[in-house]
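Dear colleague,

I am passing on the structure below for your own work.

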Amino acid sequence: MGIEDQFKDKAQQLKDEAKRRAQQGQERGKQQGQERGKQSQERGQQARERGQQSLDDVEDRYQS
């Protein structure tokens, strides 16, 4: 195997590794984005529940 072939092989290895790392980064970013979205949705649900509870409390006071 000549030096040129060794360089080509090493270059291909580096390309493959870079591609693999890029894919892992995309997957990790997608997963983190989904997690952030889920947390945001949960916080919104909690705020809606607190708001509804406040409205119910006000209604109860005025009906009493």
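Predicted model: local features only at pLDDT ≥ 70, side-chain atom pairs only at ≥ 80, totals over all residues.

Residues are numbered from 1 along each chain as its sequence is written, and side-chain values use heavy atoms, with hydrogens and water left out.

The protein contains 1 helix and 0 strands, where helices (H or I, at least four residues) and strands (E, at least two) are DSSP runs numbered from the N terminus. Helix H1 covers residues 3-63. Along the principal axes, the C-alpha atoms fill a box of roughly 95 × 5 × 5 Å. The radius of gyration is 28 Å, whereas a compact globule of 64 residues would have one near 11 Å; the radius is taken over C-alpha atoms, and the globule rule is 2.2 Å times the number of residues to the power 0.38.

Buried residues make up 0% of the 64 residues, with buried meaning under 20% relative accessible area, exposed over 50%, and partly exposed in between (1.4 Å probe, protein chains only). The accessible surface comes to about 6,200 Å², and 46% of it belongs to carbon and sulfur atoms; these areas come from the Shrake-Rupley method with a 1.4 Å probe, and for residues only the protein chains shown count as cover.

As for charge, there are 14 positive and 13 negative side chains, and the centres of the two sets lie 6 Å apart. Lys and Arg count as positive and Asp and Glu as negative, while His and the chain ends are not counted, and the place of a charge is taken as NZ of Lys, CZ of Arg, CG of Asp or CD of Glu.

Side chains of opposite charge can pair when their charged atoms come close. A search of the whole structure finds 2 salt bridges, each being a side-chain nitrogen of Lys or Arg within 4 Å of a carboxyl oxygen of Asp or Glu. One joins Glu4 and Lys8, at 3.4 Å from N to O; these two residues are 4 apart in helix H1 and thus separated by about one helical turn, and Glu4 is exposed at 56% relative accessible area.

The other joins Glu17 and Arg21, whose closest N and O atoms are 2.9 Å apart, and this pair also lies in helix H1, 4 residues or about one turn apart. Glu17 is partly exposed at 30% relative accessibility, whereas Arg21 is exposed at 53%.

Best regards
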